[in-house]
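Open the structure in your viewer and follow the stops below. Each one says what to select and what is there.

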Amino acid sequence: MIENMDPTMVNWARAQFALTALYHWIFVPLTLGITWIIAFYHTIYVRTGSEEWKRLTKFWMKLFGINFAIGVATGIILEFEFGTNWSNYSWMVGDIFGAPLAIEGIVAFFLEATFFAVMFFGWNRVSKKFHLFSTWMVAIGSNMSAVWILVANAWMQYPTGQSFNPDTARFEMQNFADVVLSPVAVSKFTHTTSSSMLLASLFIISISCWYLLKGRHIQMAKRSILVASIFGLLASAMVGLTGDEAAFEVAQHQPMKLAAFEGLYHGEKNAGLVAFGVINPDKKVGDNQDPFHFEVRIPGLLTLLANRSLGTFVPGINDLVYGNKDEGIMGAAEKIKKGKVAIARLAEYKQAKKTGDAQGAAAALASFNENKPYLGYGFLNTPEEAVPPVATSFNAFHIMVVLGTLFPLVFIAFLYFSWKGTLLEQKWLQVLGLPMILLAFAAHMAGWIVAEVGRQPWTIQDLLPVTVARSNLTTGTVQTTFFMFAVLFTILLIAELSIMAKQISIGPEEG
Amino acid sequence: MIANWINNAQYAQLQELWWFLCSVVGSLFLFLTFVQGGQTLLWQVAKTEEEKSLVINSLGRKWELTFTTLVLFGGALFAAFPKFYATSFGGAYWVWILILFSFIVQAVSYEYRKKPGNILGARVYEGFLFFNGSVGILLIGAAVGTFFTGSNFTLNEYNFVTWTSSLRGLEAAFSLFNLSVGLFLVFNARTLGALYLLNNIDFHGAGELEERLRTAVWTNFKLSLPFLGWVLIQILPMDGFGISDNGEIVRVTWKYLLNLVQVPALFLALVAGLALVVAGVLLTVRSRARCGIWSSGLGTVLFGLAVFGMAGFNNTAFYPSKVDLQSSLTIYNASSSIYTLQVMTWVALLIPFVLAYVAYVWWSMDSRKLRLDEVSGEGSAEVY
């Protein structure tokens, strides 16, 4: 039988996925973004033949290599973790979800792996042009791999192009183009890659600021900052545009997530966006507590963001949980009822097939198909279970947005003083630039927390809750591997940071 | 013509095509385990820091290729045979976790081993590389062995897996047959590793390293033979897992021998594969050639194709269950839908293109052998 499992085991498996995914994401955005900037530096070197640009390219390439290795190390576990910890998921959606992973391997990973060796070791082995070509191929390969894994993730948020096959008891792909070109996939990819470019720009700025403050490698630092600020500013604009699109898509396909990250309990027309607020972490859906200790809203902005037209309704958590007849919103309670019917009919259908009862099978199937869209809800016990952790989603979303608004101002300041030629005198700006990379990481982590915590309890939105997606493992087994990976990744992270710090302190000349 | 074939292919044809494609990727991985084999040779063949640097840097230019091929092998199995992916990874949990662990530690070791501030010290990273090349490959071999000896799982009517051994897959390593497959792969990888290094390094100033590598080729080849012999002696008369005419899984006497007889291509691949492995070794040891890796490498690929083919083709259950025969997985009941296989087949048309650029880059990077002065002293800034 399909059944819900020991919640402790599921939560440890959740924690393990969160751990491995967040560790992986420490390294990936830097890889995705900095490859473009390195390719750009490398191009300038090949065009000008200037030794200074070569040194600069090699220096950033070295830091990239240190980061890339641990990105690869933390990445392999994610692919196989779908199988080890989420084997029911792997079976139920493997027909759709497996394809992008395999395609990622064929079209992207081999580009990265093959040309990575040329990029690093090709300085005196291949022609200058082929070497430069390889550097671009690494950038393209890395970002192509992001396309496919984000297509896979987007499909979990917005499962389009599929249908459930009762005979195999799994979801099967009906339209590949729908899966790949879904608007959620497009906005996810563009938002993720542009924010990665932003992060890489801040990485370069932070390290360059350290050199300026130390009075070392001034020329290289100034040049690096100039290119990184331009990249960063362009990336910021993209991040803003694609972020708006991402929020719009969430509103269309995951209204509960939107309500959670805005802390919106009662839906309304012309809903306001929280500009600043302190959320009440003890608030539970259905109780009378105020969701906020304090909040400042910009009137109408949430409606505009969610529906792109004023005067329309944005559903709140209560509307989605308990239903809202006036707005034609079916509540989770009713969906659960329909979902349980779907599960029961599926079992009846299977039984009838086994006993050769064709008529019974047809009747069960017809009723199953009617209730199929709510299949996932059938695994929930109470309507309140359909609500994700609101405070976490709210805080993560607002941290991301505030930081995303701050970064372009930082880039503008660096550009302005670079253009005026007085960057060296602006000690305050150099000091301000130092911690920027940490803030960029905070924004990235917050972004993924919004995306993944905000869609709980679903692995596949509305179709498959996390509790059913798990493998049949004991809590102890998952705990053991959780700590195995936690310890290993922490040691490797410390080693990575220590090596990185050493290389930065050695600097470009001697390195 | 290709479009026509893909659009009109029967479901079974696509399932067989995808078993073949997965077998190709898996077999290429077996060839590329020369990286892992080389990692375990480090202490034996490289006595000085310079020699170590030569070995590590030579392998270090290829490790990602092996790693990526393994990842693609996993991805292709997930996409084409999701029931296998779900059953094996979620069921034989510990064996896969340990294999993964060994590849995680490998991935950082080349880059971090010699870098100042690496916390753990070069020896630990070298230990990681050894662990990956020995335990990692041994367990992969044991997992491949279960294609023939079967595993301990049942599937319910929703195809959810229950593993019936508390060792969660590690029990595979306690079968003499599976262990022999694993040890054969370990020693074959070491043979290939030595052959690759002989081909990839310029031994001017490192003549002793060359002699040690030639000895290693011969020793490891000899060590691989008893395990290979045991595997062959066991597998041919073994009771296998066949699919009967009505689709049930049944025990079939001499099943794998029958597969070789009934599908001559498999027999040819097995014989030619083993002959080419031997030829590569003999060329290296007797004629002091440096190109042995190509012969033994191709031989390993053909051998791999024969093994995967014997496991999955000719109405054989490739992932049999020892405890519930009818839960066994075949390429027909474990695959993706016909639509997904068609989509994937379109994408697979890119594979020859990928192989071509990998080969081109390999050739253009390695046409000049790795010299001692490139990895030590002046001008050695970009090394592992």
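At what angle do helix α10 and helix α12 of chain B pack? Select residues 207–235 of chain B for α10, then residues 264–286 of chain B for α12. This is a predicted model. In it, the two helices pack at an angle of about 140 degrees. Their axes are 9 Å apart. Angles over 145 degrees would count as roughly antiparallel; α10(B) and α12(B) are therefore oblique to each other. Their crossing is left-handed.

Now show the side chains at this contact. On α10(B), select B:R214, B:V217, B:W218 and B:F221. On α12(B), select B:V281, B:T284 and B:V285. Colour them by class: five residues of this contact are nonpolar, one is polar and one is charged.

Next, zoom out to the whole of chain B. How many helices and strands does chain B have? Colour by secondary structure to find 16 helices and six strands. The radius of gyration of chain B is 21 Å, close to the 21 Å that the globule rule gives for 384 residues, so chain B is as compact as a globular protein of that length.

Last stop: confidence. Colour chain B by pLDDT. Its mean is 94, and 98% of the residues of chain B reach 70 or more. Where pLDDT is low, the predicted coordinates should not be read in detail. For the complex, the predictor gives an ipTM of 0.92 and a pTM of 0.94.

Note on methods
Residues numbered from 1 in each chain as written. Chains lettered and ligands numbered in written order. Predicted model: local features only at pLDDT ≥ 70, side-chain atom pairs only at ≥ 80, totals over all residues. Axes fitted to C-alpha atoms, helices over the stretch in contact; angles between N-to-C directions. Helix = DSSP H or I, 4+ residues; strand = E, 2+ residues; numbered from the N terminus. Parallel < 35°, antiparallel > 145°, perpendicular 65-115°, else oblique. Left-handed = near helix turned anticlockwise from the far one by under 90°. Contact = placed C-beta atoms within 7 Å. Nonpolar A, V, L, I, M, F, W, Y, C, P; charged D, E, K, R; others polar. pLDDT = per-residue confidence, 0-100. Rg over C-alpha atoms; globule rule 2.2 N^0.38 Å.
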